[in-house]
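Please look over the sequence and the structure below before reading on. The explanation that follows leads through them step by step.

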Amino acid sequence: ALAVPAAAYMLYDQEAHAAEMERTFIAIKPDGVQRGLIAEIISRFERKGYKLMAIKLVVPTKEFAQKHYHDLKERPFFDGLCDFLSSGPVLAMVWEGEGVIKYGRKLIGATDPQKSEPGTIRGDLAVVVGRNIIHGSDGPETAKDEIALWFEPSELVSYTSNAEKWIYG
Ligand code: ADP
């Protein structure tokens, strides 16, 4: 039998990357779910190399939507926004990867799809700000709070992906 030595590139050093690993909360809003864009959106995060850690389809109550968007409660569109978020199923997810909070926002594009670059999710798939199909945490603190709001700790699944050594080297 051939003895195959373990090449250095095959050994993914999880510890070397642990400090850089981040988690972010991503949600496909009711418009994205209704328009059949779930697979399209998930595939962009998946192909990039981020790791899915939690996922569920939920219809939030209006009170829950108000909690999620509490930072915006003084804005004129707050009530309509919360009605909208609670109007149908939302696909709630946690994605993990190096720089996923900031780069996830890049994949999503600007808040107003009219200002989102082509190639971004909102740029390619949405037209108006009130129906911009996806939410992504805007920083480490919000990511932590939003993950805790939408998921129980036991719903986050930790696992080693065999692709990681090819994604991170
Ligand atoms: P983002 O979702 O890009 O982080 P914000 O936190 O500023 O943007 O706003 C949250 C959500 O509120 C937006 O995604 C959008 O759905 C909605 N929204 C923002 N601005 C407006 C507006 N001027 N009119 C209607 N809805 C808006």
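The model is a predicted one.

Next comes the nonpolar core. The largest one contains 31 residues. Those with the most contacts inside this core are F25, I26, A27, I28, M93, W95 and I134. At least two residues of the core come from each of β1 (21–28), α3 (38–48), α5 (78–85), β3 (90–98), α6 (100–108), α7 (121–125) and α8 (140–150). Strand β3 contributes the most, namely six residues. As for M93, it touches I26, A27, L52, A54 and I55, when residues up to four places away in sequence are not counted.

Now turn to the ligand. Around the ligand are L72, F77, L81, T111, V129, G130, N132, H135 and D138. This shell consists of four nonpolar residues, four polar ones and one charged one. The UniProt entry, which is unreviewed, also has a "binding site" annotation, and it covers K29, F77, R105, T111, R122 and N132.

Two residues of that annotation can be set side by side, F77 and R122. Is F77 buried or exposed? F77 sits in the loop between α4 (62–68) and α5. F77 has 12 C-beta neighbours inside 10 Å, so it counts as exposed.

R122, by contrast, is part of helix α7. The cut-off for a buried residue is 20 or more other C-beta atoms within 10 Å. R122 is buried because 24 other C-beta atoms lie within 10 Å. Which residues does R122 contact, leaving aside its neighbours within four places in sequence? They are I108, G109, A110, P113, S116, N132, I133 and I134. Of these contacts, N132 is listed around the ligand, and I134 is among the core residues with the most contacts.

I133 counts as buried because it has 23 C-beta neighbours inside 10 Å. Its backbone has one further feature: the phi angle of I133 is positive, about 60 degrees, although I133 is not a glycine.

Conventions
Residues numbered from 1 in each chain as written. Predicted model: local features only at pLDDT ≥ 70, side-chain atom pairs only at ≥ 80, totals over all residues. Near = placed C-beta within 6 Å. Nonpolar A, V, L, I, M, F, W, Y, C, P; charged D, E, K, R; others polar. Core = buried A, V, L, I, M, F, W, Y, C linked by C-beta atoms within 7 Å. Helix = DSSP H or I, 4+ residues; strand = E, 2+ residues; numbered from the N terminus. Contact = placed C-beta atoms within 7 Å. UniProt positions renumbered as here; feature names shortened; annotations may be inferred.
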